Amino acid sequence: MSAGPVRDEGTTPAGPESWPPAVRWPPALHRAVHSLGSMTDAATAATPLVALSGGADSLALAVATAEAVRTRANPVLAAGAGAVVVDHGLQPGSAVVARRAAAVARQLGLEPVIVEQVTVASTGAGPEADARQARYAALESAARRVGSTAILTAHTRDDQAEQVLLGLARGSGTRSLAGIPRQRGLFLRPLLDLTRQDTESICRWAGLQWWEDPANADPAYLRSRVRTRILPRLEDPDDGLGPGVAAALARSADMAAEDADALELWAGREFGRLAEYGPGSAVSLTVEGLSALPDAVRYRVLAAAAVAASGQRPSRERVLAVDRLVSGRSVGGGSAGPVELAGGLVARRRRTDGYARLVFDVGWPRSSSRASPSTDTSTDPPPTPSR
């Protein structure tokens with residue numbers, strides 16, 4: 001049941017005619033509020049902000065957040081929650097969409113409601129990546145200004161399935177196949193177990209009209225083709241694998257995340273045990289200690305050493321090249337390097353005090369500060385849309 005008719009669906013965000021609806025929550029809203037409650041705690045109690053685009057997913061998240069506040073379903077949200085609308089200025093009428101999305105948030109009772117206008121600078125990474133960078137910077141800036149400790153984004157199980165499928169197509173590692181993290185820094189994603197069908201049902205219950213971003217259906221973008229063509233074909237009962245593919249991909253992401261977390265924790269401990277710091281930013285590791293590690297852990301330790309020495313994460317191809325300095329020594333002989341890495345870094349095998357060590361150091365002068373090592377050997381997943 002809906003609190004009112006959804007008007008001119010797909011134009012601009014609008015509604016509700018009255019709030020709150022005098023009808024029971026739909027099942028999807030119960031799940032959304034429960035997930036929101038399980039992800040927010042005392043650490044996120046300071047005015048969480050909904051990242052609101054005006055689409056069905058983010059409006060559904062705004063509804064769930066507003067209802068969690070109104071009904072005190074989660075005591076830590078009793079102080080309220082707000083919303084941030086980012087206007088990228090990339091489409092005609094984007095300012096109108098942003099203004100109306102903000103108006104809906106206020107009608108729902110969210111406060112403060114902030115509209116951020118950004119300029120999307122071209123970095124060469126592509127329009128989606130550039131827009132994402134500008135959007136996340138604006139969201140973090142808004143959170144700092146109001147003292148918020150959490151930003152809620154509305155990525156769904158469908159987004160997760162798309163992310164995993166894209167990672168599989170690229171031949172990515174475990175971390176990328178883990179897809180969209182449920183939490184990273186300020187950002188929480190409480191709708192990852194809901195579908196787009198669920199978010200639309202929440203909007204209809206609330207009497208909301210949502211905006212359909214034309215870019216989401218533009219075949220010029222790979223993610224749009226995955227969303228509108230490839231996943232529907234995979235789930236086709238006659239020509240594809242049948243229903244349930246998206247749910248299975250999302251389930252695989254959860255399992256990959258568990259494995260990636262465990263491997264990175266193991267590798268981090270091994271890096272701390274094996275690493276020695278030399279002059280400047282040099283980092284060395286014992287070859288004997290590296291040789292005893294399983295491949296997946298050893299690759300992550302090597303990547304962590306490169307990051308600690310140069311601040312730049314090496315590609316898998318470069319990690320494997322460095323690993324040959326270890327495996328070659330373990331079987332006798334083999335090259336001692338150097339292997340060139342990004343940022344002017346080189347890796348060499350050297351003998352010190354009777355022990356073979358793998359040394360990471362700059363090949364020529366440069367200025368940089370030592371970064372905290374990361375044991376993730378995969379590349380970052382592609383940018384995900386703000387829902």
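## Helix α4

Just after α4, the residue G147 has a positive phi of about 75 degrees. Helices (H or I, at least four residues) and strands (E, at least two) are taken here as DSSP runs, numbered from the N terminus. The model is a predicted one, in which local features need pLDDT of at least 70 and side-chain atom pairs count only at pLDDT 80 or more, while totals for chains, interfaces and linings use all residues. Residues are numbered from 1 along each chain as its sequence is written, and side-chain values use heavy atoms, with hydrogens and water left out.

Helix α4 covers residues 127–146, which is 20 residues. The expected span of a helix is 1.5 Å times one less than its number of residues.

Several residues of α4 are buried, including A129, D130, A131, A134 and R135. Y136, A138, L139, A142 and A143 of α4 are buried as well. Buried means under 20% relative accessible area, exposed means over 50%, and partly exposed lies in between (1.4 Å probe, protein chains only). The cover over the buried residues of α4 includes the strands β1 (49–52), β2 (82–87) and β3 (113–117). It also includes β4 (151–152) and β6 (187–188).

## The protein as a whole

The protein has 12 helices and 11 strands. Of its 387 residues, 49% are buried.

A contact means heavy atoms within 4.5 Å. Among the contacts with a separation of 6 or more, 72% are between residues 24 or more positions apart.

Two cis peptide bonds can be described here. One joins G15 and P16, with omega about 0 degrees. The other runs from W19 to P20, with omega near -5 degrees. P16 is located in the segment before α1, and P20 is also in the segment before α1.

R72 lies in the loop between α2 and β2. Its phi is near 55 degrees, a positive value in a residue other than glycine. R72 counts as exposed because its relative accessibility is 56%.

## Helix α1 against α2

Helix α1 (residues 27–39) and helix α2 (residues 56–71) have axes that come within 9 Å and cross at roughly 70 degrees. Therefore α1 is roughly perpendicular to α2. Axes are lines fitted to C-alpha atoms, for helices over the stretch in contact, and angles run from 0 to 180 degrees between N-to-C directions. Angles under 35 degrees count as roughly parallel, over 145 as roughly antiparallel, 65 to 115 as roughly perpendicular, and the rest as oblique.

The crossing of α1 and α2 is right-handed. A crossing is right-handed if the near helix is turned clockwise from the far one by less than a right angle, and left-handed if anticlockwise. From α1, the residues L29, A32, V33 and L36 meet V63, A64, T65, E67 and A68 of α2. The residues of this contact divide into seven nonpolar, one polar and one charged. Ala, Val, Leu, Ile, Met, Phe, Trp, Tyr, Cys and Pro count as nonpolar, Asp, Glu, Lys and Arg as charged, and the others, Gly among them, as polar.

## Helix α7 and its neighbours

In helix α7 (residues 196–206), the buried residues are R196, D198, T199, I202, C203, W205 and A206. They pack against α1, α2, α5 (157–170) and α8. Just after α7, G207 has a positive phi of about 75 degrees.

The axes of α1 and α7 come within 8 Å and cross at roughly 105 degrees. Therefore α1 is roughly perpendicular to α7. A28, L29, R31 and A32 of α1 make the contact with D198, S201, I202 and W205 of α7. The residues involved divide into five nonpolar, one polar and two charged.

α9 and helix α11 (residues 295–310) pack at an angle of about 60 degrees, with their axes 9 Å apart. The two helices are therefore oblique to each other, and their crossing is right-handed. In α9, L263, E264, W266, A267, E270 and F271 meet A296, V297, R300, V301, A304, A305 and A308 of α11. The residues of this contact divide into 10 nonpolar, no polar and three charged.

P243 is in the loop between α8 (222–234) and α9 (245–274). P243 is exposed because its relative accessible area is 68%. Not counting residues up to four places away in sequence, P243 touches E235 and P237. P243 and L231 are 12 residues apart in sequence and 10.0 Å apart in space, C-alpha to C-alpha.
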